[in-house]
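Welcome, and thanks for taking a look at this one. Here is a short briefing to read alongside the model.

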Amino acid sequence: MRSFGVWLAAALTPLIGIASFLCLVTPRITVVALALFALVILSLALLEGSRLRDLITPDLGFWLFVGTGVYLAINATWSEDLGRALNKAVLFILFALLSIGTVRAVLAWPEERARRAARGFVIGVALGSLYLFIEVISDQILVRGLFNLLPFTRPGDFKGMVVEDGVILSIRLAELNRGIALLLMSLWPVLLCVVGRRRGLQGWLIGGAVFAYATFIILASEHNTSQMAIVVTLVAFLAAYFFPRPSWLAVTAAWCLSFVVVVPLAITAYQADLHHAKWLPYSAQARIVLWSYTAHAVPDAPVLGIGGSSSRAMAAEPEAIAKAKAAKEEGKAYAWQAGPHAHNQYLQAWYELGLVGVVLVLASGAWVLWIIGRLPDAQLPYMVAHFAAFAALSASAWGMWQTWLMALPGLAAVYGAIAVAATRKPAA
C-alpha cells in the first residue's frame with residue numbers, strides 16, 4: 001500500500017493537469033473531475049495516515065451544507081418532479097462532503113506537493129484556455145473537424161449546427177459557454193499560483209498578461225454572463241488588493257444583499273419597461289420578463305417554495321410549450337411564465353426553495369466567505385475575486401440544480417485550495 005501511495009503522489013501533477021484541461025474542453029465532465037480529485041486526493045491522505053473522520057469533522061460549514069441538502073430532500077416531497085429533486089438533494093450532499101474532505105486534505109499537503117499540484121493545474125488550464133482561444137477565433141475549427149472526420153463522435157442531434165450534405169459547416173459559438181464559465185472560475189486560482197510569490201512590477205506584468213489573455217477569450221465568446229462577471233471580479237480584486245478587509249466585508253455584504261434585493265429588483269426592472277429597451281441584448285430583454293414573472297410568483301409559496309426542479313417540469317407541460325411558441329410568433333421577448341429555470345440562482349432559490357432554502361444557501365456562502373476572510377492579505381484578493389466570480393455567474397446563470405453546475409462550486413473550492421496551499425508562506 002505504501003508503494004501505491006508513492007505512485008499516487010507522483011501521479012498527482014499529471015492527473016490534476018489532465019482533469020483541469022478536460023473540464024475546459026468538455027465541461028460536462030465537471031462532475032467526473034470533482035469525483036476524480038476527491039478519489040485521488042482523499043485516497044492519498046488516507047494512505048498517508050489521515051483518518052476519514054478528521055477530513056470530514058463536523059463544523060459550522062459542514063452542518064450548513066448537510067442541512068441544506070437535507071432541506072432539499074424534504075423540499076423535494078412537494079416538487080412537481082419528485083425523482084429528479086431527490087436525486088439533486090443526494091448529489092448536493094455528496095458533492096458537499098467530497099469538497100469539504102478534499103479541501104481539508106489539500107490544505108494539509110507539504111509545500112513541495114502543493115507546488116507540484118499547482119503546476120499541473122496551471123498547465124492544464126493553460127492548455128484548456130488555448131483550446132478555447134482557437135475555437136473562439138476560428139468558428140470552432142477543432143470540434144467541427146473532429147465531428148466531420150469521425151461522425152460517430154457527433155452529438156445525437158444537430159442543434160446549433162449548420163449542416164450541408166452531411167458536413168457540419170458551422171456550430172454556434174454559444175456551445176462554448178460552459179467552457180467559458182469554467183475558464184472564469186479557474187482564472188483567479190491560476191493567477192494566485194502564477195503570481196502569488198511574485199511581488200512588485202514583475203507580478204503585475206505577468207498577472208496582467210494572464211488576465212488580459214483570459215479576458216480576450218471571454219469577450220470574444222458569446223457568454224454575456226462571463227463578460228459581465230469578469231468586470232465584477234476585476235473590481236473585487238483591485239479593491240481587495242489595496243483594501244483587503246473592507247473589500248472582503250463588502251463582497252460578503254453583497255452576497256447576502258443579493259438574496260434580499262433580487263425579488264424587488266426583478267419586479268422594478270419589468271415595471272421600468274426594460275424588457276422593451278432596444279439597447280439591451282434580446283436575451284437580456286427575455287430574462288427581464290422571466291425574472292419578473294418568477295419574482296411575482298415567489299409570494300405564492302414564500303416560506304417553503306414550490307419544490308426543487310418544479311420549474312423544469314412545469315416548463316415541459318404542453319400548455320407552457322404552446323404559450324412560449326405563441327409569444328415567439330408574436331415577436332415577444334419571452335412569454336409571461338416561468339422557464340425551465342430562472343437564469344438567476346438567487347431568484348431560483350426563492351421560487352423553488354422559499355425563505356428556508358434561501359437562508360441556508362445564503363449562510364453556506366457566507367461561511368465560505370468567512371473562511372476566505374481568514375487568509376493572509378497576500379492571498380485574500382485572489383480568493384475574494386474567485387468567490388465574486390461565482391456570485392456574479394449566479395446572477396444570470398443556468399438552473400441551480402443542473403448536475404454539472406452543482407459540482408462547479410466544489411471544483412472551484414478545490415482549485416482555490418490548491419492555489420492557497422501552493423502559495424502559503426513557508427514555516428519559519
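How far apart do the end C-alpha atoms of residues 210–361 lie, and how much of the span is helix and how much strand? In this predicted model, those end atoms are 32 Å apart, and the span is 72% helix and 0% strand. The notes below begin with that span and then turn to a pocket and a pair of helices.

**The annotated span**
- An unreviewed UniProt entry lists residues 210–361 as "domain: O-antigen ligase-related".

**The second largest pocket**
- The volume of the second largest pocket is about 1,200 Å³.
- Its lining is made up of 43 residues, and F65, W367, V368, P409 and A413 are the closest to the pocket centre.
- At least two lining residues come from each of helix 4 (60–75), helix 5 (82–107), helix 11 (244–271), helix 15 (345–373), helix 16 (380–394) and helix 17 (403–423).
- Helix 17 gives the largest share of this lining, with 10 residues.
- Sorted by class, the lining holds 31 nonpolar, 9 polar and 3 charged residues.

**Helix 16 against helix 17**
- The axes of helix 16 and helix 17 come within 11 Å of each other and cross at roughly 170°.
- Because an angle over 145 degrees counts as roughly antiparallel, helix 16 is roughly antiparallel to helix 17.
- On the helix 16 side, the contact uses M383, H386 and F390; helix 17 brings P409, A412, G416 and V420.
- These contact residues comprise 5 nonpolar, 2 polar and no charged.

Technical notes
Residues are numbered from 1 along each chain as its sequence is written. This is a predicted model: local features need pLDDT of at least 70, side-chain atom pairs count only at pLDDT 80 or more; totals for chains, interfaces and linings use all residues. Side-chain values use heavy atoms; hydrogens and water are left out. On a 1 Å grid over the protein atoms alone, a cavity is a set of points where a 1.4 Å probe fits but cannot get out, and a pocket is an open set with protein on both sides within 12 Å along at least five of seven lines; lining residues have an atom within 4 Å of a point. Grid points are joined across faces, edges and corners, and a volume is the space filled by probe spheres set on the points. Helices (H or I, at least four residues) and strands (E, at least two) are DSSP runs, numbered from the N terminus. Ala, Val, Leu, Ile, Met, Phe, Trp, Tyr, Cys and Pro count as nonpolar, Asp, Glu, Lys and Arg as charged, and the others, Gly among them, as polar. Axes are lines fitted to C-alpha atoms, for helices over the stretch in contact, and angles run from 0 to 180 degrees between N-to-C directions. Angles under 35 degrees count as roughly parallel, over 145 as roughly antiparallel, 65 to 115 as roughly perpendicular and the rest as oblique. Contact means heavy atoms within 4.5 Å. UniProt positions are given in the numbering used here, feature names are shortened, and annotations may be inferred rather than shown by experiment.
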